Amino acid sequence: MVITGLKSFVNIFFIKKENGYIMVDTGMNSKAVDSAFRGTGISPDLVSHIIITHGHQDHYGGAAHARELTGASVIAHESALEAMRSGTSEKLISHSMTGRIISFLMPKQKVRPVEADIIIQDEFSLQDGDHAIRILHTPGHSKGSVSIVLESGEIFCGDLLRGRPGKLNFSIWYDNYDDMVESLRKIEALEPEIIYLSHGSPITNEDLGNFLANLK
Ligand SMILES: [Zn+2]
Ligand SMILES: [Zn+2]
């Protein structure tokens, strides 16, 4: 079961396990983390793992605080580590004029650095009773992007896609277009029932299929 902890500019999710929870992303700072716990009523000591979908500040900025609060292990892809340990973001390339303007205006702020406890390369599995929670490397938005696959047919795809059904788009910043499309096709082939986006609302695999079919 998936609980949306914080539905804001960036979403924070909790995956309910047999015993406890896994937190997916932490928002930009400790405030986001605190409101996610306050909003859900989940007790921080029930969180066993914090999965970081990728090394952008809006996703891992609260991780150092969340780790202290919960005592949980932070999981991230090896390509996200450098950014996370320096409080910066994995490389962003703007693919639109708006993106370039926002990048130029954005303060070059750092967030609290954090070290990962579990480092992913291609794939990693967490056992939850009889179920496996799979974490797959799905690059494209950034090199250190991962997706989380639940046996219930739910997938978290981070920033590979943003928006809502019928109004989907790529982020205006991404690392590599071909990798991004390939990662999305990989997700589509898993035939999920629900895909959770970090910025926006959940979509179905049909929504994803329609989006991919309309790419030039
Ligand atoms: Zn991102
Ligand atoms: Zn983001």
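This report describes the sheets, helices and core of a predicted model.

## The six-stranded sheet

Six strands make up an open sheet with mixed pairing, and their order is β1-β2-β3-β4-β5-β6. The edges are taken by β1 (residues 2-6) and β6 (residues 118-120). Each of these has a single partner strand, so one side of each has no neighbour in the sheet. On average, neighbouring strands of this sheet are turned by 25° against each other, direction ignored.

Both senses of pairing can be followed in particular strands. β1 and β2 are antiparallel and share 4 bridges. They form a hairpin, with 5 residues between the two strands. Within this pair, Leu6 has Ile12 of β2 as its bridge partner. In contrast, β4 (residues 47-51) and β5 (residues 73-77) run parallel and are joined by 3 bridges. Here the bridge partner of Ile51 is Ile75 in β5. In general, the strands of a sheet pair through backbone hydrogen bonds, in either a parallel or an antiparallel way.

## Helix α1 on the sheet

Helix α1 covers residues 30-40 and lies across β1 and β2 (residues 12-16). The helix runs at about 130° to β1. Ala32, Val33, Ala36 and Phe37 of α1 are buried. These residues cover an arc of only 130° around the axis, so they are on the same side of α1.

The buried residues of α1 pack against β1 and β2, and also against helix α3. Just after α1 comes Gly41, which takes a positive phi of about 75°.

## Helix α3 on the sheet

Helix α3, residues 63-70, lies across β3 (residues 21-24), β4 and β5. Its direction is at about 170° to β4. The buried residues are Ala63, Ala64, His65, Ala66, Arg67 and Thr70. They pack against the strands β3, β4 and β5 and against the helices α1 and α2 (residues 57-60).

Glu68 also belongs to α3. Because Glu68 has 14 C-beta neighbours inside 10 Å, this residue counts as partly exposed. The C-alpha atoms of Glu68 and Pro44 are 9.6 Å apart, and the two residues are separated by 24 residues in sequence. Just after the helix, Gly71 takes a positive phi of about 75°.

## The largest nonpolar core

The largest nonpolar core has 56 residues. The members that touch the most others are Met23, Val24, Ile50, Ile52, Ile75 and Ile148. In soluble globular proteins, nonpolar side chains tend to be buried together.

Ile50 shows how such a residue is surrounded. Leaving aside residues up to four places away in sequence, Ile50 touches Met23, Thr26, Ala63, Ala66, Arg67, Thr70, Ala72, Val74 and Ile75.

## The five-stranded sheet

Another open sheet has 5 strands in the order β7-β8-β9-β10-β13, and its pairing is mixed. At its edges stand β7 (residues 123-128) and β13 (residues 194-196). Each of them has a single partner strand, so one side of each is left without a neighbour in the sheet. From one strand to the next, the twist averages 20°.

β13 pairs with β10 (residues 154-156) in the parallel sense, over 3 bridges. In this pair, Glu154 stands opposite Ile194 of β13.

## Helices α6 and α7

Helix α6 (residues 177-189) packs with helix α7 (residues 205-213) at an angle of about 145°. Their axes are 10 Å apart, and α6 passes α7 in a left-handed crossing. On the α6 side, Leu184, Arg185, Ile187 and Glu188 make the contact. On the α7 side, the contact is made by Asn205, Leu208, Gly209 and Leu212.

Lys186 is also in α6. With 14 C-beta neighbours inside 10 Å, Lys186 counts as partly exposed. Lys186 and Arg85 are 101 residues apart along the chain, and 29 Å separates their C-alpha atoms.

Note on methods
Residues are numbered from 1 along each chain as its sequence is written. Chains are lettered from A and ligands numbered from 1 in the order in which they are written. This is a predicted model: local features need pLDDT of at least 70, side-chain atom pairs count only at pLDDT 80 or more; totals for chains, interfaces and linings use all residues. Two strands pair if DSSP finds at least two bridges between them. Axes are lines fitted to C-alpha atoms, for helices over the stretch in contact, and angles run from 0 to 180 degrees between N-to-C directions. Two residues are in contact if their C-beta atoms, placed from the backbone, lie within 7 Å. A residue is buried if 20 or more other C-beta atoms lie within 10 Å of its own, exposed if 12 or fewer, and partly exposed in between; C-beta atoms are placed from the backbone. A nonpolar core is a set of buried Ala, Val, Leu, Ile, Met, Phe, Trp, Tyr and Cys residues joined through C-beta atoms within 7 Å. The arc is that of the directions from the helix axis to the C-beta atoms. A crossing is left-handed if the near helix is turned anticlockwise from the far one by less than a right angle, and right-handed if clockwise.
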